[in-house]
Amino acid sequence: MKSSWHNRLLTEHGSLLVLLLLCIYYSVVTWSEQHPITPRSGRQLARAIATAPGAHVLIAIRPTAQDRIFASALREELVARGASVIEPVLEGAPTDVRATLEELGRAGQRVDAIATHQPISEWGPLQPDSLAALAAQFPSLKDMRVHRPASHHWPNFLTRENLLNVINQNADIAIIAIGMTLVIIAGGIDLSVGSLLALSSVSAAVVIHHWAGGAQASVVGLVGCGLLAILIGAAGGAFSGVMVTRFGVPAFVVTLGVMMVARGGALIVAVQHQRALSGGATEGTPEAVKVAAPAFGALGNGAMLGIPNPVWLMAALYVLAHVVMTRTTLGRRIYAVGGNPEAARLSGVPVRAVLVGVFALCGALAGLAGLVDASRFEGGRPNAGELYELQVIAAVVVGGTSLAGGQGRIFGTLVGALIIAVIQNGLNMAGVKSYEQKVVFGLIILAAVLLDRWKKHRGAGAA
Amino acid sequence: MAAPVESTPLLRMRGMAKAYPGVQALRGVDLELRAGEVLALLGENGAGKSTLIKILGGAHAPDAGVMEIEGRPVQLESPTAARRAGIAVIYQELHLVPGLSARENIFLGQEISRGGFIVRHEEHARAAALLAQMGAPLDPETPCAELSVAQQQVVEIAKALVGQARILVLDEPTAALSPREVTGLLARLRELRAQGLGILYISHRLDEVFQIADRAMVLRDGAHVATEPMANLTRQRVIELMVGRSLDQEFPKRRTEIGAERLVVRGLRRGQKVRDVSFAVRRGEVLGLAGLVGAGRTETARLIFGADAAEAGAIVLDGRELRLRGPRDAIAAGICLLTEDRKSQGLVLGQSVQENFALPNLAKLSRAGWMDKRREAAAFDQHVEKLQIRLRDRHQSAGTLSGGNQQKVVLAKWLERHAEVVIFDEPTRGIDVGARHEIYHLINQLAAQGKAVLLISSDLPEVLGMSDRVLVMREGRVTGEIADAAGATQEQVMVLATADAIAA
């Protein structure tokens, strides 16, 4: 055990290292000029403009929430510093800017400064030649200048917004990957997760529509339907588990079958729903089953403390799963069953029950991800989760869990899921097409599996 | 048997040595096989026979030693190389593809082809001729799955002959054959010997060996003991050579009051392996179970432990009949089994030693499903100290331990359960002398605590030295009981274990 520390670093934290390197790489290549549109940049801008008291300032923004927050901070600071802000705040498109300026010019309103941000400052009406023309036409505008917040350099990748977005976009995959990690550690595999996701989300949406009161569904009703979605996923998983343990069918084959049945089921439910909506007049199409209840979107689109709800959910589940796998008897049994089912059985571990339970748990998490998906899109989509099984397995494998079973870590999977998410994000930023990205992901999976083999080889050599 | 003394032997091995982690399997063994003879390779389990065969078959490389075929040195670095050198090994477990026909299996990898197309009728004619020549006129187009074990063996031999094999190695070829099939096989082998093949014949059944072999070579503890023409040997002499030692102080004595019957087994039955087994183990008694590999001892133990389901019979512990649906029930009732194969059945090699220790004791070492890690560590430490398990740390994986320490970890996990019946299946196989002694002491301690101990062992000195009574099994039945184990001889056991099936 000469090389033990860097061996350990590689085998136990190798994926974390990869994630870190990726983040550094993307930070470097997305290093660029930043033009923040925040309350803070608004106040800074105000301080820059209000050097002379009594300056007449026009604030121009786009009609977005973010811009309004920026504008209100800007205005507050300007007023506090004695500038006179021209009311109302100009809000609109480039043509609105031109029209407003001409109106102010005709009215003889003096404008010393236009306070805005970088995107608007690039608009045609605010370019030097347009401003010169206005100044020539209207004397009250002759001292008018455009001000925008100072820019600074920072990686596009490493912004809070981008990072949260990356995680949020992949929260469902990361959630299912927890279940998949358990299944793979226990020596199985589950290909049905993507389809179970779709089946759960469509079923929950239909139940909400027909039985829980549709748009008027109560929170209790919605929660009930959410539990139903989870239960449907769990039932699918438990079925696979029973087939594997009672009839000895390989998990790969069983879950392949369940995958197709569940996908077909989701499509059937959606089509039947559409047909029922049209009163049986049409064949029905596999469109999303809309959920109009306003509270339903909270799970997928809401946020707490500025962090999207799916990210909270994901984080909580990872902590929980980690605790289960490291601190409970169930965790021990899962590792033992995957490591050596015969030895586990001869030690009194209920191998079949553990396997069925693990498959059911994986299915339940797929159902929960289906619920998140339905909430995010405000409807159950029968085509949701397509090819998720592969992304999820990729995350697990990249995270260092051995496909041979018995070995793996929950947080390894989180890192694996993040690696895949970050690479995807980076490739998107670099403008790589989605079909080209597939090649990259295929190679990543192969590399991860090779690394697993290599680790095992070294492990065997050391033993 | 007038083999020309001066002629170059077909096969000559000199100074073959091979070590596995913790075991010296072969210690400089010499072997000579001549064309047109059958050489029997004899020895107890673990004497080094299988290792020698694996080296011959190119499956394992020797650590030292040279090999010559017809005087030319050869190196067999792979099974393919061995086949090319003219050596065909027919293992106890046959290696045919069940879905393919006899013909397809015979020509697998050595197809008769022209331009990439198999010439079926030629293969068929050749296969049919070979099979007829060996006195097994079966249709070459029969799928192998439909053939009996004896017929499959013929197919394997035919395959070897097509491959121009001149040296045929047969490992326990008659283990699964009926007496009539054995007669047929021996006739075939005589035929092949007459054709000038050299045959290395491994078998526990001495009767067969005396029928077929020209010479016998005996191995013990990886070393060559003797090579003699069969004419110079008697059955007694062969057994003596194989067993070698006389009983000595290798086995610590124990003084234990033997009490009432605790574990009673009646009419236990499962398939061909366990056919009507009945016995009782008393309080404080060590009952030895002797016999050859495949005699049904391990299978009997698995039935008592609930690892397999019995087809008939009753298992009674302290007067209460047990209904075992699985090992869980047996463990709950207070029975534990230290399996013969620690690596594949006793331990989860990838998990830490402490986790292995905790596996059957999870309920005890947890509270409401939460592991009580402090209690786990404390319980483990206690056993590590008592059993003197040598560890780097408690989190090292079980696969990294030596055989003796692995066995102690297995023992620790069952001691923590305070089982009432402890079944040891080959507890000292592959374990060095020092650790053996410690395990013997533990067996004595268990007996002294009033537990019932069942000791399965193929190591005759061990089973006689450690047991109060010894049962001998053969072909799924108890064929004899030796009430006074200490006064018995190994020859007595061997006679009971190897008596001809026909005699019964």
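Predicted model: local features only at pLDDT ≥ 70, side-chain atom pairs only at ≥ 80, totals over all residues.
Residues are numbered from 1 along each chain as its sequence is written, and chains are lettered from A in the order in which they are written. Local features need pLDDT of at least 70 and side-chain atom pairs count only at pLDDT 80 or more, while totals for chains, interfaces and linings use all residues.

Start by selecting both sides of the contact (heavy atoms within 4.5 Å): 31 residues come from chain B and 22 residues from chain A. The buried area between the chains is about 2200 Å², 56% of it from carbon and sulfur atoms; buried area is the accessible area (1.4 Å probe) that two parts lose on being put together, summed over both. Arg328(B), Leu359(B) and Leu362(B) supply 22% of the area that chain B buries against chain A, more than any other three residues.

Next, select Arg332(A) and Glu355(B). They form a salt bridge, with the closest N and O atoms 3.7 Å apart; the term requires a side-chain nitrogen of Lys or Arg within 4 Å of a carboxyl oxygen of Asp or Glu. Three salt bridges are counted between the two chains.

Now go to Asn340(A), in the loop between helix H14 (329–339) and helix H15 (341–346) of chain A; helices are DSSP runs (H or I, at least four residues), numbered from the N terminus. Asn340(A) is buried, at a relative accessible area of 11% (buried means under 20%, 1.4 Å probe, protein chains only). Its side chain reaches the backbone oxygen of Lys343(B) at 3.5 Å. Residues that Asn340(A) touches include Ser344(B), Leu347(B) and Val348(B).

Note on methods. Heavy atoms only, no water. Helix = DSSP H or I, 4+ residues; strand = E, 2+ residues; numbered from the N terminus. Buried < 20%, exposed > 50% of the residue type's maximum accessible area, 1.4 Å probe, protein only. Polar contact = N/O pair within 3.5 Å; in protein donor to acceptor, adjacent residues only side chain to side chain. Lists of a residue's contacts leave out its neighbours within four places in sequence.
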